Amino acid sequence: MKNKVLLIILFIQTGILLSACADRKPNILFILVDDLGWADVGYQNPAVTETPHVDKLSKEGMVFSSAYAATVCSPSRAEILTGRSPASLKLTSHIPGVGFEEYYSKKKKALSNPQNRFWEAEMEGHLHLDEITLAEALKAAGYKTGFFGKWHLAGAGSQKTKDGVVNMDWHPQNQGFDVNIGGCAYGQPAGKRAYFSPYANAELKDGPDREYLTDRLAEETISFVTENKDTPFFAYLSLYTIHSPHNPRPLAGKPKYKGMLISMDDAVGTVLKAIDDLGLKDNTIVIFTSDNGGSRSQKPLRGKKGQVYEGGIRVPLIYRWPDRIQSGQTDIPVASADFFPTLLEAAKVPIPNETKRLDGISYFPLLNGDGNYTPHPVYQHFPHHRKGSLFQGASTVRQGDWKLIWKQNNDEYLLFDLGKDIGEKNDLASEMPEKVASLKQQLHEWLKKTNANMPRTLAEYQ
């Protein structure tokens with residue numbers, strides 16, 4: 001009888017433990033790489049041999065081959081955190097490290113080019129505090145939240161500071177993060193010794209001489225995860241890598257750019273191993289992605305960072321959550337604004353009432369195999385001049401395999417069938433005027449809905 005009572009108690013305790021495990025919200029590890037292009041990872045480009053840890057992750061989770069970010073970094077970072085498009089946020093280009101005065105002074109030179117017919121749209125210089133972030137929503141639901149790395153949403157003029165602080169009020173710790181390591185106004189590591197300590201970063205204590213930034217951020221993430229392993233956590237590892245200046249750890253025989261890829265991949269592998277060693281793998285959602293297209297050739301995609309061709313906006317995206325998220329690959333288009341509602345749904349956290357109108361849509365039913373998901377159009381709005389761009393100022397819409405590009409500078413429309421022409425070589429606009437008209441109306445209705453800031457003509461500017 002005594003043994004039977006002990007056995008019953010054991011069953012009860014086990015049941016309580018299993019129930020507690022089932023009720024616990026999933027941890028979230030969000031890994032954002034800077035300037036990592038669609039073709040910069042081995043699982044999508046076999047010529048790349050420097051990303052074995054990322055490639056392994058792709059085999060363990062769901063790969064999105066048509067994931068979209070903004071053309072440059074700050075808009076994507078704001079979009080990920082808020083679920084709102086850069087057009088809605090009025091944050092449509094990178095926040096200039098030189099400050100707005102110098103930035104616009106340089107832009108005025110573009111007006112001397114007769115091909116440039118507009119003055120670019122105005123934009124915000126930081127993420128406003130009244131925007132509800134993913135970290136704030138998760139923190140309110142009991143999550144511990146930690147940010148590690150590049151923020152670039154805290155004001156213009158960081159290159160003219162000694163420590164990356166333009167306004168401390170705009171840093172991650174005031175946007176829902178309990179811990180902030182490295183997040184300030186910087187858009188890239190500072191100083192001649194960029195990526196090596198000393199870091200000249202007010203939010204990152206210097207390490208030993210020649211300590212490597214990418215390694216340090218991985219270690220800080222692991223420390224946070226280890227400390228909070230018994231409670232739900234949101235760890236946001238936002239690497240400065242592989243943004244220029246390309247300054248990797250010394251690697252014999254490796255060019256600098258490949259060295260940066262290796263450093264990034266090593267950091268990813270180190271953090272994932274820690275998650276696994278702590279026994280957290282099964283209840284941790286891992287997301288791996290980039291903030292914009294690559295800074296180098298993205299063939300077979302056309303274009304690169306700063307352009308609205310696929311090479312500038314299509315990025316790697318992997319989800320891993322064992323037994324909860326389907327493995328394999330999908331070509332269904334998704335956008336950075338979708339992270340906010342998708343991850344909140346996965347964590348069973350309601351969207352806060354104070355949240356402004358979302359542009360993102362949850363695709364969690366696609367992740368968990370529910371099937372009740374209808375793909376939505378993906379939009380881009382980049383009303384800016386950019387040195388080296390194939391054209392100046394553009395907005396786009398992708399609906400299914402069809403993609404329409406509006407060249408704002410000369411009011412021209414390009415049409416591509418991405419299902420047959422991933423390299424965007426064959427403009428079908430003249431052959432399919434009805435398709436152009438339909439997508440054009442859809443695009444302009446979205447621009448109106450988001451109240452997007454638009455470029456001014458030269459006459460309006462002058």
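## Cysteines and their surroundings

Cys73 has a relative accessible area of 3% and is therefore buried. This and everything that follows is read from a predicted model. The closest cysteine sulfur to that of Cys73 belongs to Cys184 and lies 13 Å away, which is too far for a bond. Cys184, for its part, is in no disulfide, its nearest cysteine sulfur being that of Cys73, and Cys184 counts as buried because its relative accessible area is 0%, under the 20% limit. In keeping with this, a search of the whole structure finds zero disulfides.

| Residue | Relative accessibility |
|---|---|
| Cys73 | 3% |
| Cys184 | 0% |
| His385 | 4% |

A second open sheet has four strands, ordered E13-E14-E15-E16, with antiparallel pairing. Here the edge positions are taken by E13 and by strand E16 (412–417), each of which has a single partner strand, so one side of each lacks a neighbour in the sheet. With direction ignored, neighbouring strands of this sheet are turned by 10° against each other on average. Within the sheet, E14 and strand E15 (residues 402–407) run antiparallel and are joined by six bridges, and Ser395 stands opposite Trp406 in E15.

The loop between strand E13 (378–382) and strand E14 (394–399) contains His385. Along the chain His385 is 350 residues apart from Asp35, and the C-alpha atoms of the two are separated by 19 Å.

## A mostly covered helix

Helix H10, which spans residues 339–346, is mostly covered, with seven of its eight residues buried. These buried residues are Phe339, Phe340, Pro341, Thr342, Leu343, Leu344 and Ala346. Just after H10, the chain reaches Lys348, which takes a positive phi of about 55°.

## The protein as a whole

In total, the secondary structure of the protein comes to 13 helices and 17 strands. The radius of gyration is 23 Å, close to the 23 Å that the globule rule gives for 462 residues, so the protein is as compact as a globular protein of that length. The C-alpha trace spans about 95 × 55 × 50 Å along its principal axes.

Of the 462 residues, 59% count as buried, while the accessible surface of the protein comes to about 19,500 Å², with 52% of this area belonging to carbon and sulfur atoms. Among the contacts with a separation of 6 or more, residues 24 or more positions apart account for 69%.

Note on methods. Residues numbered from 1 in each chain as written. Predicted model: local features only at pLDDT ≥ 70, side-chain atom pairs only at ≥ 80, totals over all residues. Heavy atoms only, no water. Helix = DSSP H or I, 4+ residues; strand = E, 2+ residues; numbered from the N terminus. Buried < 20%, exposed > 50% of the residue type's maximum accessible area, 1.4 Å probe, protein only. Pairing = 2+ DSSP bridges. Axes fitted to C-alpha atoms, helices over the stretch in contact; angles between N-to-C directions. Rg over C-alpha atoms; globule rule 2.2 N^0.38 Å. Contact = heavy atoms within 4.5 Å. Areas by Shrake-Rupley, 256 points an atom, 1.4 Å probe, with all protein chains shown as cover. Disulfide = S-S within 2.5 Å.
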